[in-house]
Amino acid sequence: MAEFQLNEGPLDAESKALAVKELRETEENVKNGIEKLRKLLEEDKTLYFRTDDDFLMIFLRPCKFYPESAHALMLRIAEFKQKNASLLDNLMPEDEKAAFLENNVVNVLKNRDHKRRRVLVVNAGKSWDPARVNADQMFRIFYLIHEAAILEPETQVHGVVVIMDFEGLSMKQVLGLTPSFSMRLLSFIQDAMPLRLKEVHMVKEPFLFNMVWQMFKPFVREKLKKRMFFHGSKMSSLHKHMLPSHLPKNYGGQLPEIDYTGADWYPVITKYEDHIKQMNSYGFRKDE
């Protein structure tokens, strides 16, 4: 199978049509959105972000080209980075190299799903050893992956789907998922992630999962709740949302079983170190 790569190419006709339909991405809205957002950022003396067209598109797309909403998103991103500075300041792929290479906790499917969405798989069950990769590190891995994903126009438009795999979950993992991790992850997803999160699927979750869910539940807002689905071991239930033709055998799909891990796509992320370094510099101005 082809090795991992980010697709930074321009949108094809199908994606363009979807962008018009779902994101109001018409020529006029794009032009006005970019101009207004750039002006808002120039007038905002607290924020520091790049203001070229391609970069601004990253924030305009999830906000359907409403410049005020995109500016508010950038402000929330700056607040999130400030609040979680101890984890995120100057974070580079190299810092979590061992977590990527030696532990199969977070994986990205090589192919997109039938709706052309990027699929992130989180192995939060028996294959996760919190003693080797703690919840804070898991979050840092998520964060680095999202910084790479925002570079793909196709992902900006079609969005992402997360499969949370809880196979073999035991008390060890339940105790590893701290309340602060749950709060941080949900605040990131709901407030400070410039990607369209379309669905979150919980699969193979045993009875013990209820303890985990009780920890997350209070922080989940209505919009996200509607996008969360619990399937247990019934893959036919998952297939109502994601077609088997685009899923690996692990999830009752027709594609070969997953035989790769974060170690296989870690090299892709390292290719974008300059971009990640730049992203680290954005947020609230440092000179205040």
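Phe65 is found in the loop between α3 (53-60) and α4, where helices (H or I, at least four residues) and strands (E, at least two) are DSSP runs, numbered from the N terminus. This is a predicted model, in which local features need pLDDT of at least 70 and side-chain atom pairs count only at pLDDT 80 or more, while totals for chains, interfaces and linings use all residues. Residues are numbered from 1 along each chain as its sequence is written, and side-chain values use heavy atoms, with hydrogens and water left out. Although Phe65 is not a glycine, its phi is positive, at about 65°.

Asn90 also has a positive phi, near 55°, and is a residue other than glycine; this residue is found in the loop between α5 (85-88) and α6 (97-102). Phe65, with a relative accessible area of 3%, is buried, whereas Asn90, with a relative accessible area of 60%, is exposed (buried means under 20% relative accessible area, exposed over 50%, and partly exposed in between, with a 1.4 Å probe and protein chains only).

## Aromatic pairs

A pair of aromatic rings is described by the distance of the centres and the angle of the planes. Rings of Phe, Tyr and Trp (its six-membered ring) pair if their centres lie within 6.5 Å, and planes under 30 degrees apart count as stacked, over 60 as edge-to-face and the rest as tilted. By this rule the model holds 18 aromatic pairs. One of them joins Phe80 and Phe139, whose ring centres are 5.9 Å apart and whose planes stand at 50°, so the pair is tilted. Because Phe80 belongs to helix α4 (residues 67-83) and Phe139 to helix α7 (residues 135-149), this pair ties together parts that are 59 residues apart in sequence. Phe80 is buried at a relative accessible area of 5%, and Phe139 is buried at 0%.

Phe166 and Phe209 form another tilted pair, because their ring centres are 4.7 Å apart and their planes are at 55°. Phe166 lies in the loop between β4 (160-165) and α9 (171-176), and Phe209 lies in helix α11 (residues 209-216), so here the parts tied together are 43 residues apart in sequence. Phe166 counts as buried at 2% relative accessibility, and Phe209 is buried with a relative accessible area of 4%. Elsewhere, ring pairs link Phe4, Phe100, Tyr260, Trp265 and Tyr266 into a cluster.

## Charges over rings

A charge sits over a ring if NZ of Lys or CZ of Arg is within 6 Å of the ring centre and within 35 degrees of the ring normal. Arg24 lies over the face of Tyr66, at 4.0 Å from the ring centre, and Arg184 lies over the face of Phe139, at 6.0 Å from the ring centre.

## The sheet

An open sheet with mixed pairing is formed by five strands in the order β2-β3-β4-β5-β6, where two strands pair if DSSP finds at least two bridges between them. At the edges stand β2 (106-108) and β6 (228-232), each with a single partner strand, so one side of each is left without a neighbour in the sheet. From one strand to the next, the twist averages 20°.

Strand β2 and strand β3 (residues 118-123) run antiparallel and are joined by three bridges; Val108 stands opposite Leu120 in β3.

## The annotated span

An unreviewed UniProt entry carries the annotation "domain: CRAL-TRIO" for residues 93-259. In the model, this span is 37% helix and 16% strand, and its end C-alpha atoms lie 22 Å apart.

Technical notes. UniProt positions are given in the numbering used here, feature names are shortened, and annotations may be inferred rather than shown by experiment. Axes are lines fitted to C-alpha atoms, for helices over the stretch in contact, and angles run from 0 to 180 degrees between N-to-C directions.
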